[in-house]
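Hello,

Please find the structure below, with notes on what was found in it following after.

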Protein chains: 2
Amino acid sequence: MPKKTVKPGTDRADDRVRRSKEAVLETTYQLLMEAGLAGVSVDEVSRRSGVAKTTIYRHWPSRTALLLDACSRMALKFDIPDTGHLRGDLVELASSIVALLRSKNFSSVLPSVIDAAERDEQVAALHSRIHAEHMAPLYVVIERARQRGELPRHCLAAEIVAAVVGPLFYRRWFSREPLDDAFVRAIVDRAVSGSR
Amino acid sequence: MPKKTVKPGTDRADDRVRRSKEAVLETTYQLLMEAGLAGVSVDEVSRRSGVAKTTIYRHWPSRTALLLDACSRMALKFDIPDTGHLRGDLVELASSIVALLRSKNFSSVLPSVIDAAERDEQVAALHSRIHAEHMAPLYVVIERARQRGELPRHCLAAEIVAAVVGPLFYRRWFSREPLDDAFVRAIVDRAVSGSR
């Protein structure tokens, strides 16, 4: 039996495949951070990761498939706070979003995803999945507040989410003003008091 | 004197220069709409406009200079409303912003500007100029409301602007939810009532 061949399906082969896929994804993600979606080419990923283009194309049928896979690393899970009142829960969640917006990795790449989503439905679907995951905890705490009677039955959760998250995104990407604690509290106050 | 040469500085020469610059800018702007900032090349502008690359580079020293000039067409002047109260003025301005967000031209190109601004200071400066022009009327109506005594002296105009505009931008580019009149009124109500 030859010693150097590693049969597909064996542990060692699986391990090698897993490591090379991981190297490709990590390199793609790094390139995304540096240059945005438009700046990533399979040539460059192959050069930097040392994984052959043919191997890359064996795992991902197209550049888009690879980009989508790498982008899905941008989705984070936020813990769902339970301070006992809506204002406290929303301040905690808004602060987690601010931390995400301050991380260069996330906040400098998202605009390239938003831009590509304008012209590419696959990217739009991916963004919409990442976005929904990030917003889910806000809907949980709002629904809990409604059940506690803190909010009127008719009030729209999606309006509260937009009133909290919109101003944070606005400051990070549009007006580029500071995202300090005072601003977070002021925005949450407006969102909550206007919903009563 | 040869009949067919047109001396620089004469009316006909000026006119020809003006027309060819206009054709280049218009073509660049069209390409921007179709493909975003990253999709515009001087080659393609030259091909589509019929203006030679050497002529384009005579007027704009670089692709970036041409892009900046074409992008500056994105800035619009909004009329400053005067309904007599802050809520009415903000609903009018927010509705103008919604109209801008509905125009495919503006709203599908802006993300490519935001994306490029993350990595290019000239684009960041341009975006910041366009943004300031769009926000200026909001600051005018908020200051007028403060002088009328509708708002406390200590309230921060920039917070009100973020509370109104943030949720509109959020729905257009992030959650992709509808931007209807009811939403505009609900957002303005929160922004105003929370500022008192």
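A definition is needed before the helix packing: axes are lines fitted to C-alpha atoms, for helices over the stretch in contact, and angles run from 0 to 180 degrees between N-to-C directions. Helices (H or I, at least four residues) are DSSP runs, numbered from the N terminus. The model is predicted: local features need pLDDT of at least 70, side-chain atom pairs count only at pLDDT 80 or more, and totals for chains, interfaces and linings use all residues. Residues are numbered from 1 along each chain as its sequence is written, while chains are lettered from A and ligands numbered from 1 in the order in which they are written.

Helix packing in chain A

Helix α5 (residues 86-102) and helix α9 (residues 181-193) of chain A have axes that come within 9 Å and cross at roughly 135°. That makes α5(A) oblique to α9(A); angles under 35 degrees count as roughly parallel, over 145 as roughly antiparallel, 65 to 115 as roughly perpendicular and the rest as oblique. On the α5(A) side the contact is made by A:Leu86, A:Arg87, A:Leu90, A:Val91, A:Ala94, A:Ser95 and A:Val98, and on the α9(A) side by A:Val184, A:Arg185, A:Ile187, A:Val188, A:Ala191 and A:Val192. Residues are in contact if their C-beta atoms, placed from the backbone, lie within 7 Å. By class, the contact of α5(A) with α9(A) has 10 nonpolar residues, one polar and two charged. Here Ala, Val, Leu, Ile, Met, Phe, Trp, Tyr, Cys and Pro count as nonpolar, Asp, Glu, Lys and Arg as charged, and the others, Gly among them, as polar.

Helix packing in chain B

α7(B) and α8(B) pack with their axes 10 Å apart, at an angle of about 125°. That makes α7(B) oblique to α8(B), and the crossing is right-handed. The contact takes B:Met135, B:Leu138, B:Tyr139, B:Ile142 and B:Glu143 from α7(B), and B:Ala157, B:Ile160, B:Val161 and B:Val164 from α8(B). Eight of the residues in this contact are nonpolar, none is polar and one is charged.

The two chains

The contact between the chains takes 33 residues from chain B and 33 residues from chain A. On the side of chain B that touches chain A, the elements giving two or more residues are α6 (104-117), α7 (121-147), α8 (157-175) and α9 (181-193). α8(B) gives the largest share of that side, 13 residues. The side divides into 16 nonpolar, nine polar and eight charged residues. The copies meet through the same surface, because 100% of the interface residues of chain B are also interface residues in chain A.

Backbone

A:Arg176 is not a glycine, yet has a positive phi of about 55°. A:Arg176 lies in the loop between α8 and α9 of chain A.

Regards

Conventions
Contact = placed C-beta atoms within 7 Å. Left-handed = near helix turned anticlockwise from the far one by under 90°.
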